[in-house]
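Please examine the structure shown here.

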Amino acid sequence: MSRFFASGASSSSESESSDEEEELSEEEQQVAAPKAPAKGANAFMKTPGESDSDTDDDDKKRVVRSQRDKKWDQMSEMINDMKNHVKINDWVAISDDFDKLTKLINKSNAVIAKEGIPKMYFKALLFLESVLNKSLENKEAKKAMSSSNAKALNTMKQKLRKLVKTHEAEIDKIKKESGGDDDDDDDDMDDDEEEEESQVKKSELAAVASKMAEVKGAQKGPKAIKDYNEAEIDGKLDEILALRGRKGTKKEEQILVLKALAATTKRPSKLVELLGHTIAFYFDIHNSMLVPMPIKVWKEVFDVFRQILQTLVANPDLKVEVVEGSTVIDTVQMTTAELGDEDDEYIDSGVTQMTGNVLAYLERIDDEWYKSLQQQDPHSPEYVTRLKDEVPLINLMQDTLAYYDSKPPTSESLADAARVGSRIVEHTYYREQSLFDMAMNNAEKRKVQLAEAAVAAEAEAVAAEAKAKEEEEAMEEEENDKDDDDDDDDDDEPV
């Protein structure tokens, strides 16, 4: 062999031996060190047979659980949550947990068809029934509940009653096994769970309870309008009037607040004032002279005005102060509450204010009715439907006329009554005689009814005054008798 080939062979043999040594050293290193998971480009270049889970198979093994175990564990967790909420008496959360539990039962039809409903579900029903009965018996605690919590309690009562009736046989069987005591059922549910509870679980429960208490405190929010006293009603009305006419004010929300205040107040003077402001806010929203007021809004204004008229008729001694052309600056209330002898007692001042007057409201309602007819097609069914509102409108005018007739005759009241009468004539002068006679008979009957109602109200007021006077005299007699007895006791004592 030539020297050239000899040198090449020797070099190749040397390189092969060196490569073998390097491979052996690398294999030893790989055996010594555990395999690291492939990352980056190495992960991308993995062979199809390799996977990330191959390295973890030795450390972790997959646990295969049946569908039954999964559903039963979920049910147990939901029951635990329900019990935790029972401890803090949060019936809103209890109702939500109960709904989730019911949905889980409905979704587990396939498992239940094979295994049946587990006993812990029926024990949970028994537990809830016993807790619910105790909560309903404790009337003082029920009164102290918030409105949402009390509502959830009543809803829970109805839901539970249906389910207990459905599963009556299974529940009776469990009652017999436990001796018929609901508390024993509660203990049976807690036996397996309370043994596994640790201090960490208790601390977590305390944290959950504190959070729920904070949430409940945050849900209380401001005081409800229905719980306002008369002074708070005056304060709320001041806030609304201060915002009237300002940019960005939502008049629809203010109208709802005014209606709620009117439903809460017990003073007739304040009721008339609040209803008057309600109509004024309606007119602020729809103040166009060309576009008619929507029919729905018109009917709402109609009802509010009728309520004002009924209040004025029922309280004939109520003095009305008219605020002419009320602006934002002039709109201040004059019927502030006067405190009585007790903290919760308020005296009606007997004076009310209106941002307008009865006649102005009636004329605006009548004008809006005519305006809506002018904007509609006379051949459409909507036009015929709108014409049917004329009869209640005429009756309202007749009631207004009877109200003016019941007042002491003055030049102003007579002039207002004449304007109301002219409006009635405009609606009835072209009618047939029979319809006109019917309208007049209705007007006379209404007038008689209003007069009888006024006489009855006056008689009730006189009877109430007489009764109050008799009670005062009886109290004075008792005090005098008590003083006489004390004097006799003093005389009997030895000197």
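Q: Is the crossing of H4 and H5 left-handed or right-handed?
A: This is a predicted model, in which local features need pLDDT of at least 70, side-chain atom pairs count only at pLDDT 80 or more, and totals for chains, interfaces and linings use all residues. Residues are numbered from 1 along each chain as its sequence is written, and side-chain values use heavy atoms, without hydrogens and water. A crossing counts as left-handed if the near helix is turned anticlockwise from the far one by less than a right angle, and as right-handed if clockwise. For H4 and H5, the crossing is left-handed.

Q: How are H4 and H5 oriented to each other?
A: The axes (lines fitted to C-alpha atoms over the stretch in contact, with angles from 0 to 180 degrees between N-to-C directions) of helix H4 (residues 67-87) and helix H5 (residues 91-107) come within 9 Å and cross at roughly 165°. An angle over 145 degrees counts as roughly antiparallel. H4 and H5 are therefore roughly antiparallel.

Q: What is the orientation of H19 to H20?
A: H19 and H20 have axes 9 Å apart and pack at an angle of about 160°. That makes the orientation of H19 to H20 roughly antiparallel.

Q: Which hand does the crossing of H19 and H20 have?
A: H19 covers residues 390-406 and H20 residues 411-428, and each supplies at least two residues of the lining of the largest pocket. The crossing of these two helices, H19 and H20, is left-handed.

Q: Which helix gives the largest share of the lining of the largest pocket?
A: Helix H16 (295-314), strand E1 (319-322) and helix H21 (433-492) are among the elements that each supply at least two residues of this lining. The largest share, eight residues, comes from H21.

How values were computed:
Helix = DSSP H or I, 4+ residues; strand = E, 2+ residues; numbered from the N terminus. Parallel < 35°, antiparallel > 145°, perpendicular 65-115°, else oblique.
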